[in-house]
Amino acid sequence: MGIYVNPGNQSFGKAVDSLIYVDKSQLIPYTNSVLNTQRKNMCVSRPRR
């Protein structure tokens, strides 16, 4: 059964190594730290290629 639910991470590894992957793991702690403060307005963007 586990093979159907969690078949592995080969696809994820390919995505991480490609240009399409954006690591946003630090975005949630930062967003939580500025909620309900004067710094609550923020913009999340990426550079154009």
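1. N36 lies in the segment after helix 3 (27-34), where helices (H or I, at least four residues) and strands (E, at least two) are DSSP runs, numbered from the N terminus. N36 is exposed, with a relative accessible area of 79%. The terms for accessibility are as follows: buried means under 20% relative accessible area, exposed over 50%, and partly exposed in between (1.4 Å probe, protein chains only). The phi of N36 is near 60°, a positive value in a residue other than glycine. Most residues other than glycine have a negative phi.

2. On the basis of the note: this is a predicted model, in which local features need pLDDT of at least 70 and side-chain atom pairs count only at pLDDT 80 or more, while totals for chains, interfaces and linings use all residues. Residues are numbered from 1 along each chain as its sequence is written, and side-chain values use heavy atoms, with hydrogens and water left out.

3. N41 is likewise placed in the segment after helix 3. With a relative accessible area of 68%, N41 counts as exposed.

4. From the N terminus on, the order of elements is α-α-α. Of the 49 residues in the chain, buried residues make up 2%. The accessible surface comes to about 5200 Å², the areas being taken from the Shrake-Rupley method with a 1.4 Å probe; for residues, only the protein chains shown count as cover. Carbon and sulfur atoms account for 55% of the accessible surface of the chain.

5. A15 lies in helix 2. A relative accessible area of 23% makes A15 partly exposed. Leaving aside neighbours within four places in sequence, A15 is in contact (heavy atoms within 4.5 Å) with I20 and Y21.

6. I20 and Y21 also belong, with F12 and V16, to a nonpolar patch on the surface. Together these residues have about 400 Å² of accessible area. Patches are made of residues with over 30% relative accessible area and no salt bridge; like charges are joined within 9 Å, and nonpolar side chains (Val, Leu, Ile, Met, Phe, Trp, Tyr) within 5 Å. A salt bridge is a side-chain nitrogen of Lys or Arg within 4 Å of a carboxyl oxygen of Asp or Glu.

7. One member of the patch, V16, lies in helix 2 (residues 10-17). V16 counts as partly exposed because its relative accessibility is 34%.
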